[in-house]
Amino acid sequence: MREHIKSAKLNAMISQAYIYELLLKPHSITLEEAEKPVKPLTPKEVQKGLITGKIPKKLFIRLYQRHQQKG
């Protein structure tokens, strides 16, 4: 049973590392930034992102936080 718990914890840590490397690091978002509460994107921010082609950092932070809640 202890091995199973250790394995689950290790898998969670690995998953968090992958999410950080894929979702946050390429956009220069630190873990400290990602842990802070973020307001939802406004329609204006979404529209600006679609026009400019730049995805707001806030979106990546919210995705990270959602993943953390599920895990």
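In this predicted model, the backbone oxygen of alanine 34 lies 2.8 Å from a polar atom of the side chain of glutamine 65. Glutamine 65 belongs to helix H4, which covers residues 57-70. With a relative accessible area of 18%, glutamine 65 falls under the 20% limit and is therefore buried.

**Surroundings of glutamine 65**

- Leaving aside residues up to four places away in sequence, glutamine 65 touches Ala34, Glu35, Lys36, Pro37 and Val38.
- One of these neighbours, Ala34, supplies the backbone oxygen for the 2.8 Å approach to the glutamine 65 side chain, and Ala34 is also listed in the largest nonpolar core.

**Helix H4**

- The end C-alpha atoms of H4 are 20 Å apart, in agreement with the 20 Å that its 14 residues should span at 1.5 Å a residue.
- Which residues of H4 are buried? They are Phe60, Ile61, Tyr64 and Gln65.
- These residues cover an arc of only 135° around the axis, which puts them on the same side of H4.
- Arg66, Gln69 and Lys70 are exposed on the other side of H4.
- The packing partners of the buried residues of H4 are helix H1 (2-24) and helix H2 (31-35).

**The largest nonpolar core**

- In soluble globular proteins, nonpolar side chains tend to be buried together.
- The largest nonpolar core here has eight residues in all: Ile19, Leu23, Leu24, Ile29, Ala34, Phe60, Ile61 and Tyr64.
- H1 and H4 are the elements that give two or more residues to this core.
- Isoleucine 19, a member of the core, touches Leu24, Tyr64 and His67 when residues up to four places away in sequence are not counted.

**The chain as a whole**

- The secondary structure consists of four helices and zero strands, and the order from the N terminus is α-α-α-α.
- The radius of gyration of the chain is 15 Å, whereas the globule rule gives 11 Å for 71 residues; the value is well over that figure, so the chain is more spread out than a compact globule.
- The C-alpha trace spans about 50 × 20 × 20 Å along its principal axes.
- Of the 71 residues in the chain, 14% are buried.
- Among contacts between residues at least 6 apart in sequence, 64% join residues at least 24 apart.

- Tyrosine 18 is located in helix H1 and counts as exposed because its relative accessibility of 54% is over the 50% limit.
- The C-alpha atoms of tyrosine 18 and isoleucine 29 are separated by 14 Å, and the two residues are eleven apart along the chain.
- Lysine 25 occupies the loop between H1 and H2 and is partly exposed, with a relative accessible area of 47%.
- From C-alpha to C-alpha, lysine 25 is 14 Å from proline 56, a residue 31 positions apart from it in sequence.
- Serine 28 is also placed in the loop between H1 and H2, and at 54% relative accessibility it counts as exposed.
- Most residues other than glycine have a negative phi.
- What is the phi of serine 28? Serine 28 has a positive phi of about 55°, although it is not a glycine.

- Why does helix H3 lie largely in the open? Of its ten residues (43-52), the number buried is one, so H3 lies largely in the open.
- Threonine 52 is part of helix H3 and is partly exposed, with a relative accessible area of 47%.
- The side chain of threonine 52 reaches the backbone nitrogen of lysine 54 at 3.2 Å.
- Threonine 52 and glutamate 33 are 19 residues apart along the chain, and their C-alpha atoms are separated by 23 Å.
- Glycine 53 follows H3 and has a positive phi, near 80°.

Note on methods
Residues numbered from 1 in each chain as written. Predicted model: local features only at pLDDT ≥ 70, side-chain atom pairs only at ≥ 80, totals over all residues. Heavy atoms only, no water. Buried < 20%, exposed > 50% of the residue type's maximum accessible area, 1.4 Å probe, protein only. Polar contact = N/O pair within 3.5 Å; in protein donor to acceptor, adjacent residues only side chain to side chain. Contact = heavy atoms within 4.5 Å. Expected span 1.5 Å × (residues − 1). Arc of directions from axis to C-beta. Core = buried A, V, L, I, M, F, W, Y, C linked by side-chain atoms within 4.5 Å. Rg over C-alpha atoms; globule rule 2.2 N^0.38 Å.
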